[in-house]
Amino acid sequence: MKYVLVTGGVVSGLGKGVTASSIGVLLKACGLRVTSIKIGILIVEGGLVVALLVEATACFHLGIPCHGMPSMSLDVYVVSSLISCLAMFSDPYLNTDAGTMSPFEHGEVFVLDDGGEVDLDLGNYERFLDIKLTRDNNITTGKIYQSVLDKERRGDYLGKTVQVVPHITDAIQEWIERVAMIPVDGKEGPADVCVIELGGTIGDIESMPFIEALGQFSYHVGPGNFCLVHVSLVPVLNVVGEQKTKPTQHSVRGLRGLGLTPNVLACRSTKALNENVKAKLSQFCHVPVENVVTLYDVPNIWHIPLLLRDQKAHEAILKGLNLLGVAGEPDLQDWISRTRVYDVLHEPVKIAMVGKYTGLSDSYLSVLKALLHASVVCRRKLVVEWVAAGDLEDVTAKEAPDVYTNAWNLLKGSDGVVVPGGFGDRGVQGKIIAAKYARENKVPFLGICLGMQIAVIEFAQSILGLHDANSTEFDPQTSHPCVIFMPEGSKTHMGGTMRLGSRRTYFKVPNCKSAKLYGNATFVDERHRHRYEVNPDMVPQFENAGLSFVGSDETGRRMEVVELPSHPYFVGAQFHPEFKSRPGKPSALFLGLIAAASGQLDAVLQNYGHASKLLPNGMSNGKPMAKPYQNGNAIKSSNGSLNGVYSNGNGVHY
């Protein structure tokens, strides 16, 4: 097994995840099998605790309060000071997985086939490499410490003192070696190369055990089996317009001081590095000049693998892994064709994203990507109109009329509406209003998870006349519970207790739009993440009124897909189809939405009724022909778009 480690320096948010994914794409294009591991850690400056210790010690000796604390012994003083700081940073980040983390803090929770709730970067890996990862491919501090403490409780250490070194560092290395051997591409046997992304920034105190472990690991696997790619920042000061290398020099110096030496420098900058800048970095960072590559701003992230290929980054990595004689030249023809189509899109399709977390686009990252994949196939430039669900409600009309008017203008000006998943009752009434608007005005609509439940609640209130109809999640005392808690889960424990992971959905109505979009499949396997579902006892009442539940589980009690046959495209899914969308293989239901919003649905349904081969440009005879994804049958762009997705700007983007 060969290993490629991707680290980051200077600042966070440089695009380590996209870089690691792109390296995987490049190696895969060279004919190698690739798997990925993400090590998630807390991002905080490494000098923080040291500074706090110095401050606490100084305050003690001077006899003055520190952070308003009374006088006490030095050891208690220092420990109390540490707790006052670390409680703000450490506690939330010792999670064993991402399941209970707020989308506002960490972006979306990405769900895997095995039910793992993981970091959104694993979504990047799956989309770029078209692989299926496991929950163990996401390593967290909580998982490592939990595994070591479990061993200690069982007596596996035979009474020895359990320490960070060697027990934690050994656990990290063992975890990496074990997970790297798990096949993720549907083939037998382990992959050829494992790409590891170390979260955070070099110098973060939280990453120290991982860096120590990886330093030992590089020695353990030996030369020719380990290659380190360091992603760093080369800023350009507007005053002088000069590319500054000092931040990267310091970052590499810190990395080398911790026992790791980079083989390749991937430098983020607004423009390509000048040759003299590359030479300077090579000289002071002890990296061959041909191994210094630039990741400059591009129109969309699909260009990153091409940037790496053009600068021969694959040759530097393959040389470090002793694979030059094994791997071939990268074949990226399909990737290039798809990227070229993406770059020339100009006819817009506007989709209103009506949600709760619209202030941070990463909260709906997979939904955005699924919309983008479908838009490229339909030859449309995606424009996302971010609509905070609460802004559509009557209370906003009274308190902030301008906000209310703007939200409604965005909704009414859109070609389609998406109501994504979520938890909690904030904004629910606004989502119901959006579903009603789409239903009454024949606007293409896709409701995901909670979005499907919202569509059902709105139908019950408006069509069935059950004005107090609701979900028991929001109103436990409702007399018409059309959405109820289902028994596969716990009401009291939040983490890992939902209906999670891949579940099979059977289509009961063969000629429905959803089944046709899935290629006339009789069943599909999609990923779930929810606790509440449509009340099966009310299904006959809904269907008699015209709402059709076209998909369910094997028992027929769990409703999975709902359609309104009288509507051009009104679809709800209890599962999350966005998690399995891929470039060139868009999610079927998202493809249906974009096709309906751009007037292409009839052509898509006609073509998707039989198997069709994906063409490089995604088109055949002028019609979209990309095969939808079937299973079972962060680099800011220079043109102001969000990874090629254009936005109305009322969200915060990276």
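1. In strand β6, the residue that forms the bridge partner of K2 is V193. The model discussed here is a predicted one. K2 belongs to strand β1, residues 2–8, and β6 covers residues 193–198. Five bridges join these two strands, which run parallel.

2. Strand β1 also pairs with strand β7, residues 226–233. Six bridges join β1 to β7, and this pair likewise runs parallel. Within β7, H230 is the bridge partner of T7.

3. Are the residues of β1 buried or exposed? K2, V4, V6 and G8 point one way from the strand, Y3, L5 and T7 point the other way, and all are buried.

4. A second topic is a pair of helices. Two packed helices are described by the angle between their axes and the distance between the axes. For helix α1 (residues 16–29) and helix α5 (residues 121–129), the axes come within 9 Å and cross at roughly 25°. Angles under 35 degrees count as roughly parallel, and α1 and α5 are therefore roughly parallel to each other. The crossing of α1 past α5 is right-handed.

5. Which residues form the contact between α1 and α5? From α1 come G17, V18, A20, S21, S22, G24, V25 and K28; from α5 come D121, N124, Y125, F128 and L129. By class, this contact has six nonpolar, five polar and two charged residues.

6. Helix α5 is mostly covered: nine of its nine residues are buried. Among them are the charged residues D121, E126 and R127. After α5 comes D130, which has a positive phi, near 55°.

7. Strand β15 comprises residues 481–485, and two bridges join β14 to β15 in a parallel arrangement. N470 stands opposite P481 in β15.

How values were computed: Residues are numbered from 1 along each chain as its sequence is written. This is a predicted model: local features need pLDDT of at least 70, side-chain atom pairs count only at pLDDT 80 or more; totals for chains, interfaces and linings use all residues. Side-chain values use heavy atoms; hydrogens and water are left out. Two strands pair if DSSP finds at least two bridges between them. Helices (H or I, at least four residues) and strands (E, at least two) are DSSP runs, numbered from the N terminus. Axes are lines fitted to C-alpha atoms, for helices over the stretch in contact, and angles run from 0 to 180 degrees between N-to-C directions. Angles under 35 degrees count as roughly parallel, over 145 as roughly antiparallel, 65 to 115 as roughly perpendicular and the rest as oblique. A crossing is left-handed if the near helix is turned anticlockwise from the far one by less than a right angle, and right-handed if clockwise. Contact means heavy atoms within 4.5 Å. Buried means under 20% relative accessible area, exposed over 50%, partly exposed in between (1.4 Å probe, protein chains only).
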